[in-house]
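Work through the exercises below with the sequence and the model side by side. Try each task before reading its solution.

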Amino acid sequence: MDADAVVLDIDGVLVDVENSYRRAIIESVERVYDRTIRKADIQQFKDAGGFNNDWELTYAAALYVLATEEGYRGSIDEFTDDIAENGGGLEAATTVVREEIGATATQRVTDRWDRDQLRDVFQQLYLGSDLYRGLEGGEPDSETRGFIHDEPVLLEAETRERLTDDYDVGVVTGRPEAEAEIALERVGLEIGPDDRFTMDDWEEGKPHPRALTTLAAKFEAETVVFVGDTLDDVRTAVNASEADPDRTYHGIGVLTGGLTGDDGRRKYESEGASLVLESVNELPDALEE
């Protein structure tokens, strides 16, 4: 692909988050409302778009659970399909609920929809008590280890060295800055603040192209590849190509996140992926070929 720069997502690319972030989504909703969604349902929200922030995905999952108690009869598939048709993300989810159950029932839902509590429970579960005290500045409800410690490293040392030796390497992630730094340290990837975008660095979030085009300009790259594990990652590269036609952008999907197998490949390709890899560790050879 003649790439000058490689930009990486973190979750599902550098570390496996199935038993950390995704587990926190499910358990947060369950702890607050005694009901929750299935792990497989999380990917439905991701595919709908606009849920790179896992707090907002947690809010949307809770919204669905509460709406079903007020007369919403759609399945998760129908709910997330309608979210996608309304543009994706949390605002679209609230629109779907309001259109399906009406204003009065929606008001009863929103009266019980406590996003602050959901976020707080999520952070306690994900960070564990020690990190929660340090990063959130509060006192946890109980002493826990934290799911963040259950994130297997996906990026092999040889891959890391080959990429950093041959390319400018940046990061675009939906993680908060502090949590991104923890993951990058775990995988041994030194990415300075000027070479990365986290949740704290931009309001738009993926699939908005600004973070990717900014890094491309910073690296003075003619061709950039962006490697991610969701359809919004590929959409980000496609949108960057439209926003910055003087450069070439390639979206590359990996099958180490929620999208797997032949179905995952088809979904990536349908969104315009230039390449689909089993894992990020195939990337150096793919770029050389």
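## Exercises on a pocket and a helix

**Exercise 1.** Find which residues line the second largest pocket.

*Solution.* Step 1: the lining consists of Gly-12, Asp-16, Val-17, Glu-18, Arg-22, Lys-39, Ala-40, Gln-43, Asp-229, Thr-256, Gly-257 and Gly-258. The model is predicted: local features need pLDDT of at least 70 and side-chain atom pairs 80 or more, while totals for chains, interfaces and linings use all residues. Residues are numbered from 1 along each chain, and side-chain values use heavy atoms, without hydrogens and water.

Step 2: a pocket is an open set of points on a 1 Å grid where a 1.4 Å probe fits, with protein on both sides within 12 Å along at least five of seven lines; lining residues have an atom within 4 Å of a point.

Step 3: helix α2 (residues 39-48) contributes the most, three residues. Helices here are DSSP runs (H or I, at least four residues).

**Exercise 2.** State which domains supply the lining of the second largest pocket.

*Solution.* Domain 1 (5-16 + 151-288) and domain 2 (18-147) each supply at least three residues. The bounds come from an automatic or database domain assignment.

**Exercise 3.** Explain where the largest pocket lies.

*Solution.* Both domains give residues to its lining, so the largest pocket lies between them.

**Exercise 4.** Identify which residues of helix α4 (residues 76-85) are buried.

*Solution.* Step 1: Ile-76, Phe-79, Thr-80 and Ile-83 are buried (under 20% relative accessible area, 1.4 Å probe, protein chains only).

Step 2: they span an arc of only 90° around the axis, which puts them on the same side of α4. The arc is taken from the directions from the helix axis to the C-beta atoms.

Terms used. Helix = DSSP H or I, 4+ residues; strand = E, 2+ residues; numbered from the N terminus. Buried < 20%, exposed > 50% of the residue type's maximum accessible area, 1.4 Å probe, protein only.
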